[in-house]
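Open the structure in your viewer and colour it by chain. The stops below follow the place where the chains meet.

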2 protein chains.
Amino acid sequence: MNIDHYRVAPNSKIDLSAWDPNDKRLFDGSKKAGEAALPALNKRLEALQELLYAEGKHKVLIVLQGMDTSGKDGTIRHVFEGVNPQGVRVASFKAPTPLELAHDYLWRIHQETPARGQIVIFNRSHYEDVLVVRVHNLVPPEVWRRRYDQINAFEQQLTEEGVTILKFFLHISKDEQKQRLQERLDKPEKRWKFSTGDLAERKLWDEYMAAYTAVLERTSTAHAPWYIVPANRKWYRNLVISHVIIKTLEGLNMRYPEPEAGLDQIVIE
Amino acid sequence: MNIDHYRVAPNSKIDLSAWDPNDKRLFDGSKKAGEAALPALNKRLEALQELLYAEGKHKVLIVLQGMDTSGKDGTIRHVFEGVNPQGVRVASFKAPTPLELAHDYLWRIHQETPARGQIVIFNRSHYEDVLVVRVHNLVPPEVWRRRYDQINAFEQQLTEEGVTILKFFLHISKDEQKQRLQERLDKPEKRWKFSTGDLAERKLWDEYMAAYTAVLERTSTAHAPWYIVPANRKWYRNLVISHVIIKTLEGLNMRYPEPEAGLDQIVIE
């Protein structure tokens, strides 16, 4: 799979309506075949994560963003199936607390960044500070406008200090969201997930798409790229994200640490 | 499986030499059958953890303690295979940093305790402050002696605030440790894990057993019990710990949250 296909080149102009959320061109096969391809990728990711943890050198940060029902939770569950929880952590960023609001918006984010040998998955992130914050006018325009450059500088500092950053926008269509919300209403075991607040956000779909477009145009950099993942098909979304992560980890040329010197002489009593 | 079998009753006298690390009396079958029984338990735990997360009410703290090579890492990998990393976190406590040492010994521990809906696994814990600290005389005896009561009070407060605590001592024999250390020396892919420091600790085996005995006698309470898990057989260790966690979670009588009122009238546009 050519993982660069969905990667946003720095300083691109993005027209999200030209990115098909149903696209599946990189996988030559059915949904069933696509689902059957995932377990082998899970195993590969599990092995790479173990190596990352053992080497204790690189730090990996994975950012998941997308509209409600776009599949952030499902991605975490399926792409990371089987990884060792000892080396993988999820940080979920909800509406900030009063303490968090009393600091700058990157304060709570920085605390959750990965240590050496760790993978951290951000379920939502600092990008909410130029998404929900922008759409709902939670700060004046001059405040959120300067954040794109601030975020780029923050992420550049992280990467210079050894963090590998991958950012995924889970791209679903407005109609797909309607079906997924309807499913939450219709299935008794999913009903508790339904929030009427989600409908108010859905009314702002176009404003969110404009805000996402600005994010993708202004914060996809060589060191911290965005991927626009076609996410109407869950199985395809899982394959794309798995491939991007695996190829990136493979590119780190990791090795198991050298054993201590002099072990050949040792007798255990 | 009768999960109370390995549970330490409060204020028991413990003679660890009478607890067989090879015991497997609660499973009627071979190693192969025991290994084959685990995936169904993984699935059950995965479902219970999802329910715990959805309900967002209970907090679960699992403490793993044991000598080097006793299988703490392996327990995390195999018992929690397949759980959603979004609701499960591992906190590993290594030698304290200068900042941690500048605080009381429970300071770093409290920070890592679970929030509502979370399972947190402690890979080592505050018990090191009455184990390695006692064996190596890192603080005066009057300091570590008062810690048993302090720990009981701390854990009582946590449980009164909604934390369910389970503590597992992974009990291996000294000979089993020898074989596992030898295996690290002999297998090239495991050699990097071998530390000559482990041999110095091994020389203090009896002192550690005395320190563990005091822990088991003085800190197994009704609200935060210790389980002495026969751990020479990895497959049996995994089954015992899985059963204890599953039975405990089942006992919480968890339910999915109620949906919002008035959802029947909703039309998604």
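Begin with charges: two salt bridges cross the interface of chain A and chain B, a salt bridge being a side-chain nitrogen of Lys or Arg within 4 Å of a carboxyl oxygen of Asp or Glu. Select Asp264(A) and Arg191(B): they form a salt bridge, with the closest N and O atoms 2.8 Å apart.

This is a predicted model, in which local features need pLDDT of at least 70 and side-chain atom pairs count only at pLDDT 80 or more, while totals for chains, interfaces and linings use all residues. Residues are numbered from 1 along each chain as its sequence is written, chains are lettered from A in the order in which they are written, and side-chain values use heavy atoms, without hydrogens and water.

Next, select the whole contact (heavy atoms within 4.5 Å). Chain A gives 35 residues and chain B gives 35 residues. Together the chains bury about 3,600 Å², 58% of it on carbon and sulfur atoms; buried area is the accessible area (1.4 Å probe) lost on putting two parts together, summed over both. Now pick Gln86(A), Trp192(A) and Ile268(A), which supply 22% of the area that chain A buries against chain B, more than any other three residues.

Last, look for the symmetry. Chain A can be laid on chain B with an RMSD of 0.0 Å by a turn of 180° and a shift of 0.0 Å along the axis, superposing by least squares the C-alpha atoms of residues with pLDDT of at least 70 in both. That is the relation of a two-fold axis. Which residue of chain A comes closest to the rotation axis? Select Gly82(A), at 2.6 Å (C-alpha).
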